[in-house]
Amino acid sequence: MPNISLSLLATKHDLLTPVISGEVGIEGVTLATTLSDPSEAFWRQLHFAEFDISEMSLSSYLIAREKTDDMVAIPVFPGRRFMQLELFCRTDAGIDGPASLAGKRIGVAEYQQTSSLWVRGLLEEDFGVSQYSMQWFMERTDEVSHGAATGFQPPPGISLTRVPADETLDSLLFSGRIDVAPAGRALRHEPNLVDKQTHISKTAWTTVAPLFPDAFAEGRRFVEAHGFIPANHIMVIRRDVHERYPWLAFNLYSALEKARKIAQERTRAAIPTYLIFRDEYLAIARSIAGNDPFPYGLRANEAMLTTALRYSLNQGLITKQVDAADLFPASVRG
C-alpha cells in the first residue's frame with residue numbers, strides 16, 4: 001500500500017528535527033513540511049485549518065476543543081519553558097517580586113495564549129496575586145489573534161485593554177504606561193506577521209529589569225513545587241484527517257517519540273561551541289529538570305495537563321472540567 005501524503009506545520013525544535021528532516025519517518029505517511037514561527041503557525045491553523053498535522057498552542061487547543069472540536073491531540077509537547085522568566089518590570093513601579101504585582105498594569109501578547117495561562121495560574125496559586133487584581137493589556141489585534149478564531153471574550157470581571165495598533169508591549173513598558181510585560185520578543189531577529197514587537201519595537205532596557213532576576217532559582221523553585229516544566233505547545237491532527245486515518249495518531253506519536261529520544265542523545269552536541277561553560281550549564285539544567293525534561297505521553301504529563309486544565313477553567317477560558325486522559329485518543333494514552 002502506498003504512503004498517504006500529509007502536510008505538517010511545525011516550528012524549529014530539536015525534538016522535531018529528526019521527523020522534519022526525514023531521518024525518522026511516520027509509518028504510512030509522506031510529509032510535506034512547512035516551518036513557521038509559533039505565533040504565525042497557530043494563527044494559520046486556528047483560522048484556516050490548512051494543515052493535516054500541526055503544532056499548536058496548548059491553551060488554544062483546550063479552548064478550541066470545547067468550542068469546535070476540530071482537532072485531535074496526541075501527548076507530544078515539543079515546546080516547554082518557564083514562561084514567567086520572560087517578564088520584565090519597570091524599575092520605578094514599586095515591584096519587589098511577583099507577590100507585589102497586585103494592582104499593577106501587565107501586558108500580554110494575547111490573553112488566551114499558553115504563556116499567559118501559565119503566568120496567571122502561578123501568580124495566583126504560587127504567589128497569591130489574583131488575575132482580577134491586575135489591569136491587563138493585550139497587544140494582538142483581532143486580525144492576527146488566536147482568540148478571534150476561538151471566539152475569545154475577556155472573562156467577566158477582567159480589566160482588559162487593547163494596545164493601540166501602532167504600539168507594542170515594550171513601547172508601553174519602556175514609556176511607563178504599563179508596569180510589567182514579556183518584553184523579550186523585542187530582542188529576537190525573526191520578524192513575524194503576528195507579533196508587532198518583532199518588527200516595530202523601540203527598546204530602552206535601562207528602565208526595566210527581570211521580574212525573576214535569578215532564572216535558575218525560579219526554575220528550581222517551580223520544579224520542586226510542581227514537578228514539571230510547563231508545556232506551551234502540543235501536536236494536533238485535524239479531526240477530519242484523524243477520522244479518515246484512525247491509525248495515524250499512534251504512528252505519529254511513535255515517530256515523534258523516536259525523534260525525541262534521538263534529540264535527547266544529541267543534547268550536548270547541540271550546545272553551541274562558543275558557550276564556554278557548556279557542560280556546566282547542562283549540569284545546572286539537569287540538576288533542576290532532570291535528565292529527561294521533555295517527556296511525552298499521558299502518564300508522564302498528567303500532573304502538568306491537570307494543572308493547565310485547572311488554570312484554564314479557573315481563568316474562564318474553558319467552562320467544563322476535563323480529565324487529562326480525555327484529551328487524547330485511546331491509542332496514545334499510555
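**View 1. Lining of the largest cavity in the predicted model.** M83, E86, L87, I106, V108, A109, Q113, S115, S116, V119, W136 and P182 line the largest cavity of this predicted model. Two elements, β6 (105-108) and α4 (114-127), each give two or more residues to this lining. The largest share, 3 residues, comes from α4. By residue type, the lining divides into 8 nonpolar, 3 polar and 1 charged. The volume of the largest cavity is about 80 Å³. In total, the structure holds 2 cavities of 30 Å³ or more.

**View 2. Lining of the second largest cavity.** This cavity has a volume of about 60 Å³. Its lining is made up of L8, A10, L16, V19, I20, I26, L31, I53, M235, L252 and L256. β1 (4-10), α1 (17-20) and α10 (248-265) are the elements that give two or more residues to the lining of the second largest cavity. The lining residues divide into 11 nonpolar, no polar and no charged.

**View 3. The largest nonpolar core.** This core has 85 residues. Those with the most contacts inside the core are Y61, I74, I234, L248, L256, L305 and F328. The element that gives the most to the core is α10, with 9 residues. L256 is also among the residues that line the second largest cavity.

**View 4. Contacts of I74.** I74 is one of the residues with the most contacts inside the largest nonpolar core. Neighbours within four places in sequence are left aside here. I74 is then in contact with I234, M235, I237, A249, L252, Y253, L256, F328 and V332. M235, L252 and L256, from this set of contacts, also line the second largest cavity.

View 5. S36 lies in the loop between β2 (29-35) and α2 (38-48). Is S36 buried or exposed? With a relative accessible area of 13%, S36 is buried, because buried means under 20%. The S36 side chain reaches the backbone nitrogen of A41 at 3.4 Å. Not counting residues up to four places away in sequence, S36 touches L9, A10, T11 and A41. A10 is also one of the residues that line the second largest cavity.

Methods:
Residues are numbered from 1 along each chain as its sequence is written. This is a predicted model: local features need pLDDT of at least 70, side-chain atom pairs count only at pLDDT 80 or more; totals for chains, interfaces and linings use all residues. Side-chain values use heavy atoms; hydrogens and water are left out. Helices (H or I, at least four residues) and strands (E, at least two) are DSSP runs, numbered from the N terminus. Buried means under 20% relative accessible area, exposed over 50%, partly exposed in between (1.4 Å probe, protein chains only). A polar contact is a pair of N or O atoms within 3.5 Å; within protein, one must be able to donate a hydrogen and the other to accept it, and residues adjacent in sequence count only if both atoms are side-chain atoms. Contact means heavy atoms within 4.5 Å. On a 1 Å grid over the protein atoms alone, a cavity is a set of points where a 1.4 Å probe fits but cannot get out, and a pocket is an open set with protein on both sides within 12 Å along at least five of seven lines; lining residues have an atom within 4 Å of a point. Grid points are joined across faces, edges and corners, and a volume is the space filled by probe spheres set on the points. Ala, Val, Leu, Ile, Met, Phe, Trp, Tyr, Cys and Pro count as nonpolar, Asp, Glu, Lys and Arg as charged, and the others, Gly among them, as polar. A nonpolar core is a set of buried Ala, Val, Leu, Ile, Met, Phe, Trp, Tyr and Cys residues joined through side-chain atoms within 4.5 Å.
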